[in-house]
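Please look over the sequence and the 3D structure shown here before reading on. The briefing that comes after them is meant to be read alongside the picture, one topic at a time.

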Amino acid sequence: MKRPLLLTLILGLLPLDVGAEQALIAVAANFSEVMEKLEADFEQATGHQLTITLGSTGKLYAQIRAGAPFDVMLAADQERPKLLEEQGHAVPGSRFTYAIGRITLWSPDPERIPEDGEAYLREGLFRRLAIANPDLAPYGVAAREVLDRLGLWETIRNRIVMGEDIGQTRAMIDTGNADAGIIALSSVLSPRNERPGSRWDVPETLYSPIRQDAVLLHHGAANAAAASFLEYLRADRVRATIKALGYATD
């Protein structure tokens with residue numbers, strides 16, 4: 001057998017992902033369905049493998065501080081990634097905004113939320129209203145900010161139910177434990193959402209921008225998969241996908 005042919009056969013038996021690595025990524029729950037799509041695309045394009053852990057930003061932050069071996073954090077705010085840098089848990093200068101979240105008042109009932117969602121809230125046309133817990137989730141902070149700015153928080157707080165994160169909050173609405181809720185727009189626009197229902201996209205003048213930062217953690221400082229994934233998030237085509245699924249980008 002000629003040597004070039006033998007070499008070709010040998011190379012054909014080698015795995016295509018030689019040099020590929022694995023990275024453990026902590027991801028805010030609101031970004032879960034976008035991440036599902038990006039994960040498959042990234043792995044196919046690079047050969048690297050990702051393991052995703054979802055949760056509220058507050059809980060993920062606490063786990064990282066306690067020593068959880070995450071390589072990258074995709075938070076739902078800017079505060080926790082910045083703190084991780086300051087506390088020595090993240091690589092300085094690696095932090096950037098990968099998405100800007102938006103919120104919507106939503107119900108699976110196609111007739112419930114009118115075009116004037118503010119009037120719906122002011123008139124209290126609900127038994128229970130779901131939001132994420134402001135102590136754990138930035139989307140909960142934004143929801144409370146909306147209700148505060150409308151002067152409604154104290155009026156309706158006894159009818160508010162809270163999920164630990166956006167996933168739990170959405171489940172409360174889906175199961176009928178809340179008539180409506182203020183949740184991530186991305187959750188409603190998801191291709192997996194089989195109940196578009198009715199919604200009022202909350203004007204961005206009513207809440208502070210939900211800038212979501214990514215950061216390279218010290219555990220992943222020498223991990224090629226972690227670095228490659230952060231670079232991937234900056235690509236124009238990836239940013240277009242993020243925008244199509246309910247976020248803004250810089």
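This is a predicted model: local features need pLDDT of at least 70, side-chain atom pairs count only at pLDDT 80 or more; totals for chains, interfaces and linings use all residues.

The C-alpha trace of the protein spans about 80 × 40 × 30 Å along its principal axes, and buried residues make up 48% of the 250 residues. Of the contacts in the protein with a separation of 6 or more, 76% are accounted for by residues 24 or more positions apart.

**Helix α2 and its two partners**

- Helix α2 (residues 32-46) and helix α11 (residues 236-244) have axes that come within 10 Å and cross at roughly 160°, which makes α2 roughly antiparallel to α11.
- The crossing of these two helices, α2 and α11, is right-handed.
- On the α2 side of this pair the residues are Val34, Lys37, Leu38, Asp41 and Ala45, and they meet Arg237, Val238, Thr241 and Ile242 in α11; by type, the residues of this contact divide into five nonpolar, one polar and three charged.
- Helix α2 also packs with helix α10 (residues 224-233), at an angle of about 115° and with the axes 11 Å apart, and the crossing of α2 and α10 is right-handed.
- In this second pair, Met35, Leu38, Asp41, Phe42 and Thr46 of α2 meet Ala225, Ser228, Phe229, Tyr232 and Leu233 of α10, and the residues of the contact divide into seven nonpolar, two polar and one charged.

- Helix α3 (residues 57-65) and helix α4 (residues 79-86) pack with their axes 10 Å apart and at an angle of about 10°, which makes α3 roughly parallel to α4.
- Their contact is made by Thr57, Gly58, Tyr61, Ile64 and Arg65 of α3 together with Arg80, Leu83 and Leu84 of α4, a set that divides into four nonpolar, two polar and two charged residues.

**Helix α6**

- Helix α6 (residues 138-149) has 12 residues, which at 1.5 Å a residue should span 16 Å, and the C-alpha atoms at its ends are 16 Å apart, so the two values agree.
- Within α6, the buried residues are Pro138, Tyr139, Gly140, Ala142, Ala143, Glu145, Val146 and Leu147.
- After α6 comes glycine 151, whose phi is positive, near 70°.

- From C-alpha to C-alpha, alanine 68 and glycine 176 are 35 Å apart in space, and they are 108 residues apart in sequence.
- Arginine 170 lies in helix α8 (residues 166-174), and at 12% relative accessibility this arginine counts as buried.
- When neighbours within four places in sequence are left aside, arginine 170 is in contact with Trp106, Ile183, Ser187, Val188 and Asn193.
- Arginine 170 and glutamate 118 are 52 residues apart in sequence, and their C-alpha atoms are 20 Å apart in space.

Definitions and conventions
Residues are numbered from 1 along each chain as its sequence is written. Side-chain values use heavy atoms; hydrogens and water are left out. Axes are lines fitted to C-alpha atoms, for helices over the stretch in contact, and angles run from 0 to 180 degrees between N-to-C directions. Helices (H or I, at least four residues) and strands (E, at least two) are DSSP runs, numbered from the N terminus. Angles under 35 degrees count as roughly parallel, over 145 as roughly antiparallel, 65 to 115 as roughly perpendicular and the rest as oblique. A crossing is left-handed if the near helix is turned anticlockwise from the far one by less than a right angle, and right-handed if clockwise. Contact means heavy atoms within 4.5 Å. Ala, Val, Leu, Ile, Met, Phe, Trp, Tyr, Cys and Pro count as nonpolar, Asp, Glu, Lys and Arg as charged, and the others, Gly among them, as polar. The expected span of a helix is 1.5 Å times one less than its number of residues. Buried means under 20% relative accessible area, exposed over 50%, partly exposed in between (1.4 Å probe, protein chains only).
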